[in-house]
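Please open the model in your viewer and follow the selections below in order.

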Amino acid sequence: MNDLIMRRLQEECAASIERTEEFRGDLTVTVKKEEIVRVCQFLNRDQELAFDMLIDLFGVDRYRPEARFEVVYNLYSLKNKKYLRLKVRVEEETPVVPTVTGVWPAANWHERETFDMFGLKFAGHPDLRRLYMPEEFEYYPLRKDFPLMGIPDSIPLPRR
Amino acid sequence: MALESLQRDGFLTARLDDVISWARKNSLWPMPMGISCCAIEMMATASPRFDISRFGSEVMRFTPRQCDVMIVAGTVTYKMAKVVRKIYDQMPDPKWVISMGACASSGGMFRSYSVVQGIDQFIPVDVFVAGCPPRPENLLHALLELQKKIQREGSGVRPGQREKIFIPETSPVPAAGVAE
Amino acid sequence: MAAKAADEQKKSQILAALEDQDTNVSIDDPLENTMVLNMGPQHPATHGVLRLLIKLDGETVVAAVPELGYLHRGYEKIAENGTYHEFIPHTDRLDYLSPISNNVAYVMAVEKLLGIDLPGRAKYIRVLVCEMARIASHLVAAGSMAMDVGALTVLLWTFREREKLLDIYDVLCGARFTTSYTRIGGLQQDWTPQCTAMLRTFLEEFGADLAEVETLLSTNRIFIDRCEGVGYISPADSIAWGLTGPNLRAAGIPRDLRRDVPYLVYNDLDFNVITLPESDALARFYVRIAEMKESARILRQALDRLPGGPFNAFAPKRVLPRKERTYTRMEELIHDFMLINLGIDPPVGEVYQGIESSKGELGFSIVSDGTGQPWRLKIRSPSTCNLSVLPIMLKGGMISDIVAVIGSIDPVMGEADK
């Protein structure tokens, strides 16, 4: 099944794929940031592959100079009962990724959470605001340079 | 209150304070501020097996205007702290607070950027119950200790000036599988 | 168009008015007759701290915006700062109605990363505890939904049943509730004959007790009128919005990870995947009741087939050794020391492992950089995705339908807020 996915992806979008990996039976495909919507639309609409569910979307802070962040998409196909992982590398200077809410509406809240935790903006998202932290919170908690105990007084506490 | 005097003299004398405290302690209606896992154990305490209503906590009113004791059960985050304080302020005097579980008492196992490390930073607490989550028997023990404290203190003490009670995790607990 | 812009502005005004200024929100057009109601984080529909902002036209819900984050405890950051073993007690508190299934999901993800294979006994015991957790969770879900629409008795009966399961957990794991029973490579301790006896007693009584609950609710005119047709979502929307678990199966999609991507020993066990076509609140309730019966079937089969043998995998540099060997032998002592202090020694890579928990697909994505602490751990919580369809389900209904819908989705905020 992984070979079939690889073959179809190579046929359709060979220019957008940067790397592929297989580990413990799961296939991971790294895609160029600008092409992610096109690849996702292809994977969603293709009759054979039919990746119609977006299971998960999250960010990773790799803390490396060349591409600091990564956005990972976890897809599932109801027809083939198979998972696929797509990755997108994001620079720290331009932390903007095109949104995939047009392909799967499930991405709505997941992208909000990624924005909340990492500060990655999603271009074209209908309602990009914080999901977990309060609206006035100024930092992005899951970045590696944010301390575990937080910044004192970043969220005010009521007086005793 | 001496019952011998009832037999001897035909009437009882007692301090008004004692009578009022006795009435208050035996009808503590809890306000369940059930936030996370401890809330499920609080619901289990109200369920037929452990039955909190035999100690006077007949109903768990979810409106603070009709409650005496607020049981804060669960992890209080900074975002939720405002809400907890608001509900506490809406409760009429006299009011007490039981901090149920490790998370409410001290932040528990969540030492992170969004969890308040102990609700006594913004609310005066009367009884701290240890456990993650505390067994229902522990919560009942805490309620009984609170009742003893109310009887002891009377009505002249303001919140924030009262003594604090700590219930450890190894309160006497019956063996597992034994019906309560 | 202008109304939509005004709506957007009003929505962010409301959200900005969290600071005790709810009463100061002014509505510009005096002839406008929609009202914004705040169903605040503390309310009696006991599903935790979920905040809903509802726009009402009389009694009809025009729009709804859920707000999460009141129980956000920073799990993912805590995971990055501790070893893999240290995170196991934290996973208990995710879906706190069925804590053991979270434990199982997490250690399965770590075992997939390490490439450890378990002995048969460990797999069967994990199936047993997972299905018991599923029954316990569905009991609370059914009870709370019934309590929310007014049938208070059912909650007390389901809690009585749940106490029997919690007693079994007490004997098996040492704790009623948040058990932390699984370890990487196996379990904390073995399944005992006392547990088998208690479970068999429970299974004998469970059929009759569930029938009692069903007599009260399943053909009850009031309950059916209250829940039928309420909270409808189309199957296409369910798939597109990432709904999983009983909510998806009540929309007619037969997706069950125990059948589709089998893990542990589910491909050897015989059970049905229950689906119903109506996709409303009543259908979700019936699916949960039927799933409890299927879980009882699975429990009987697994008890009959429980094999003997070790309950931990043999991989000395990855699996914690037994305590009595740690205290008496040198190699096990060294392994224990290295595993506790430096953590297990995983390869560099990424894995995802999902299980079918009682709420839906609970999955852990682990990004490992080769050290004993995960570089990134993402929890795919089913309740977050289930709650994201709440605006679709509530639109056009009445206020009193809101609690029925939330009860039928069965969110757990510890998991939704992570």
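How many residues of chain C are in contact with how many residues of chain B? In this predicted model, 31 residues of chain C meet 30 residues of chain B.

**The side of chain C that touches chain B**

Select α2 (75-80), α3 (88-92) and α6 (152-173) of chain C; each of these helices supplies at least two residues of the side that touches chain B. Next, keep α6(C) highlighted: the largest share of that side, 7 residues, comes from this helix. Colouring the side of chain C that touches chain B by residue class will show 13 nonpolar, 10 polar and 8 charged residues.

**The sheet of chain C**

Turn now to the open sheet of 3 strands in chain C, whose order is β6-β7-β8 and whose pairing is antiparallel. Which strands stand at the edges? They are β6 (348-356) and β8 (376-380) of chain C; each has a single partner strand, so one side of each is left without a neighbour in the sheet. On average, neighbouring strands of this sheet are turned by 10° against each other, direction ignored.

Select β7 (residues 361-369) of chain C together with β6(C): the two run antiparallel and are joined by 9 bridges. Within this pair, centre the view on I355(C), which has L362(C) of β7(C) opposite.

**The helix on the sheet**

Note on methods
Residues are numbered from 1 along each chain as its sequence is written. Chains are lettered from A and ligands numbered from 1 in the order in which they are written. This is a predicted model: local features need pLDDT of at least 70, side-chain atom pairs count only at pLDDT 80 or more; totals for chains, interfaces and linings use all residues. Two residues are in contact if their C-beta atoms, placed from the backbone, lie within 7 Å. Helices (H or I, at least four residues) and strands (E, at least two) are DSSP runs, numbered from the N terminus. Ala, Val, Leu, Ile, Met, Phe, Trp, Tyr, Cys and Pro count as nonpolar, Asp, Glu, Lys and Arg as charged, and the others, Gly among them, as polar. Two strands pair if DSSP finds at least two bridges between them. Axes are lines fitted to C-alpha atoms, for helices over the stretch in contact, and angles run from 0 to 180 degrees between N-to-C directions.
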